[in-house]
Amino acid sequence: MRYKEMAASKGKPFPFVHAWAILQTFDKWKLRDQETAPKKSAMLRMDDSEYEEGERNLGKPEGTKKGKVRVKMEGEASSLREKMEQMMKAREELTMKTLETKLLITEKKKEVKLAQVEAKREEAKRKADLEERMIKVKEAKVWKELMVEEKEHMMMSKKDMDQEQLQWWKDYKEDIAERKGIFRGASSTLRGDTPMSCGGDGGVEDSTTGDNGGA
């Protein structure tokens, strides 16, 4: 009932009945029951007095203790702002450095890749040059063997040959000439230049009868 009579209650029931059930047996609260409950008008006057006191203190300088607390709080807030700004700046710098590092790594990878491609190209060129030299060496060897074979055949004496042997000699000579032509054509297709492209076909003249000479 005392609570309901208070202006602050706004007619609502007392919310702490469970606490009052325990405290009402204590002497402190027994004495309070004997006190006269304040009237609503008195409570309103007390609220007005507090408001008027706050209005009177408005604009007055703070006390020494309050002033120190305020200055301390403002200093702490300023220090906190500075720390936050420093942290944000450090984070931005770290982000920029990270991006720069990534860009450098990307550029380095490109350089390494280009170097690898160039190295592979040089290696392929070196192998191609080596293969070409080996082909030339093999061609020269085959051509030399063919020329030696032709020379030996042409140096054969045909004095004591019969018609069948002479026919064989002529067929063998034509076979050598045909192989020379095939070899020359294959070399021209591969390189456009051959070891036998100069000085005719390098053939050996027949010194026997019926072949630029008599037997």
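Helices (H or I, at least four residues) and strands (E, at least two) are DSSP runs, numbered from the N terminus. The tour below uses that numbering.

The structure is a predicted model, in which local features need pLDDT of at least 70 and side-chain atom pairs count only at pLDDT 80 or more, while totals for chains, interfaces and linings use all residues. Residues are numbered from 1 along each chain as its sequence is written, and side-chain values use heavy atoms, with hydrogens and water left out.

**First stop: Lys170**

Please select Lys170, which lies in helix 6. Lys170 is partly exposed, with a relative accessible area of 46%; the term covers values between buried (under 20% relative accessible area) and exposed (over 50%), for a 1.4 Å probe and protein chains only.

**Second stop: the nonpolar core**

Select Trp143, Leu146, Met147, Ile176 and Phe183, the five residues of the largest nonpolar core. Such a core is a set of buried Ala, Val, Leu, Ile, Met, Phe, Trp, Tyr and Cys residues joined through side-chain atoms within 4.5 Å. Helix 5 (64-154) and helix 6 (163-191) each supply at least two residues of this core. Helix 5 gives the largest share, three residues.

Side chains of opposite charge can pair when their charged atoms come close. A salt bridge is counted where a side-chain nitrogen of Lys or Arg is within 4 Å of a carboxyl oxygen of Asp or Glu. The whole structure holds seven salt bridges.

Begin with Arg121 and Glu118, whose side chains form a salt bridge at 2.5 Å, N to O. Because they are three residues apart in helix 5, about one helical turn separates Arg121 and Glu118. Arg121 is partly exposed at 47%, and Glu118 is partly exposed at 37%.

Move to Glu123 and Arg126, joined by a salt bridge with the closest N and O atoms 2.6 Å apart. They too are three residues apart in helix 5, about one helical turn. Relative accessibility is 32% for Glu123 and 44% for Arg126.

Then select Asp129 and Lys125, where the salt bridge is 3.4 Å, N to O. This pair is four residues apart in helix 5, again about one helical turn. Asp129 is partly exposed at 29%, as is Lys125 at 49%.

**Last stop: a network**

Finally, select Glu149, Asp175 and Arg179, which are linked in a network of salt bridges.
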